[in-house]
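Dear colleague,

I am passing on a structure that you have not worked with before, and my notes on what was found in it follow directly below. Please read them with the structure open beside you.

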Amino acid sequence: MDVENRHVKKTSRLLDHSAVAQTPVPITEPCASCGVRCCNRFAVPITGFDVLRIIAATGKKTPEFAQLALAVNIESAPHTHVFIFENGKMEERLLTLHRLKNNFCAFSLHSAGCSIWGHHPLVCRTYPFVVDAKGNLKMTKNLVCPRKWEKNEFDEKKMKELGEQMNEEIFEYNKIVRKWNATRAKVGSEEDFFKFLNKESKEWMEKRE
Ligand code: SF4
Ligand code: SF4
């Protein structure tokens, strides 16, 4: 697939929340000139529900786009750390998208946007906003976004809905990880965790529908 035919809308991260961007649109300001910082500064923490959506959209297997990264190298995230058994010892990890050596997310098309636009993780869809414990939409703390988004530049209602969905999914994901940590951490590998995660996440999504 060439770049022109990918879903490359980027500014639309705040303007277009449709499931799939129908028409390729080049990145416009302000995202065009910021160097897509939000795609190259942070490891992208994800949940099992993000994983299922990406699998459905791309046909890839979990290890092709996700990893259990060393948690010590990653800024704080509300996602519960995963314990796995590797090289004869317990390791503490965080589920993230793959990153390249230049720090970019592996799905990044740099100034051309995101190759899984429309299926990208909820944390990417809502950035730089979060919904706090009181239900208020606010800018995230670990802010690399240089933009002060004005209210007329994004759909506040939709952003709040997405932030609430993200909070709900992280809550459920954390429950799944705690279940894994309590029952399988001492014997389970990354591969085992991915299988467990996909099964548990599918079950929860089916119940929610
Ligand atoms: S999934 Fe897409 S939007 Fe999210 S960090 Fe990667 S390239 Fe950026
Ligand atoms: S950091 Fe802000 S301005 Fe830059 S691409 Fe992300 S949302 Fe757009």
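Ligand 2 is surrounded by eleven residues, of which the closest are Cys 31, Cys 34, Arg 37, Cys 38 and Cys 145. Sorted by class, the shell around ligand 2 holds eight nonpolar and three charged residues, with no polar residue among them. Please keep in mind throughout that this is a predicted model, and that the values below are computed from it.

The surroundings of ligand 1 are made up of Cys 39, Val 44, Leu 97, Cys 105, Phe 107, Ser 108, Cys 114, Ile 116, His 120, Pro 121 and Cys 124. By class, this shell has nine nonpolar and two polar residues, and no charged residue is found in it.

As for the chain as a whole, it has six helices and five strands, and along the sequence these follow the pattern α-α-α-β-β-β-α-β-β-α-α. The chain has 209 residues, of which 32% count as buried. Among the contacts with a separation of 6 or more, 67% are between residues 24 or more positions apart.

Three of the strands form an open sheet in the order β1-β3-β2, with antiparallel pairing. The edge strands are β1, residues 66–70, and β2, each of which pairs on one side only. On average, neighbouring strands of this sheet are turned by 55° against each other, if direction is ignored. In general terms, the strands of a sheet pair through backbone hydrogen bonds, either parallel or antiparallel.

On one side of the sheet, β1 is joined by five bridges to β3, which covers residues 89–97, and the two strands run antiparallel. Within this pair, Gln 67 has Thr 96 of β3 as its bridge partner, while the bridge partner of Leu 68 in β3 is Leu 95. Between β2 and β3 there are also five bridges, and these strands too run antiparallel. Here Val 82 has its bridge partner in Arg 93 of β3, and Phe 85 stands opposite Met 90 in β3. The strands β2 and β3 form a hairpin with two residues between them, and Asn 87, which lies in the turn, has a positive phi of about 50°.

Turning to the helices, α5 spans residues 156–183, which makes 28 residues, and it reaches 41 Å from its first C-alpha to its last, close to the 40 Å expected at 1.5 Å a residue. Its buried residues are Met 159, Gly 163, Met 166, Glu 169, Ile 170, Tyr 173, Ile 176, Val 177 and Trp 180. These buried residues of α5 pack against α2 (48–58), β2 (82–86), α4 (122–126), β4 (129–131), β5 (137–139) and α6 (190–208).

In helix α2, the buried residues are Gly 48, Phe 49, Asp 50, Val 51, Arg 53 and Ile 54. They pack against α3 (62–65), β1, α4, α5 and α6. Just after α2 comes Gly 59, which takes a positive phi of about 75°.

Gly 188 has its place in the loop between α5 and α6, and it counts as buried because it has 20 C-beta neighbours inside 10 Å. Leaving aside residues up to four places away in sequence, Gly 188 touches Ile 84, Phe 85, Trp 180 and Phe 193. Gly 188 and Glu 86 are 102 residues apart in sequence, yet they are 8.2 Å apart in space, C-alpha to C-alpha.

The other residue, Ser 111, is found in the loop between β3 and α4. With 15 C-beta neighbours inside 10 Å, Ser 111 counts as partly exposed. Its C-alpha is 6.8 Å in space from the C-alpha of Gly 35, although Ser 111 and Gly 35 are 76 residues apart in sequence.

Definitions and conventions
Residues are numbered from 1 along each chain as its sequence is written. Chains are lettered from A and ligands numbered from 1 in the order in which they are written. This is a predicted model: local features need pLDDT of at least 70, side-chain atom pairs count only at pLDDT 80 or more; totals for chains, interfaces and linings use all residues. A residue is near a molecule or strand if its C-beta atom, placed from the backbone, lies within 6 Å of it. Ala, Val, Leu, Ile, Met, Phe, Trp, Tyr, Cys and Pro count as nonpolar, Asp, Glu, Lys and Arg as charged, and the others, Gly among them, as polar. Helices (H or I, at least four residues) and strands (E, at least two) are DSSP runs, numbered from the N terminus. The expected span of a helix is 1.5 Å times one less than its number of residues. A residue is buried if 20 or more other C-beta atoms lie within 10 Å of its own, exposed if 12 or fewer, and partly exposed in between; C-beta atoms are placed from the backbone. Two residues are in contact if their C-beta atoms, placed from the backbone, lie within 7 Å. Two strands pair if DSSP finds at least two bridges between them. Axes are lines fitted to C-alpha atoms, for helices over the stretch in contact, and angles run from 0 to 180 degrees between N-to-C directions.
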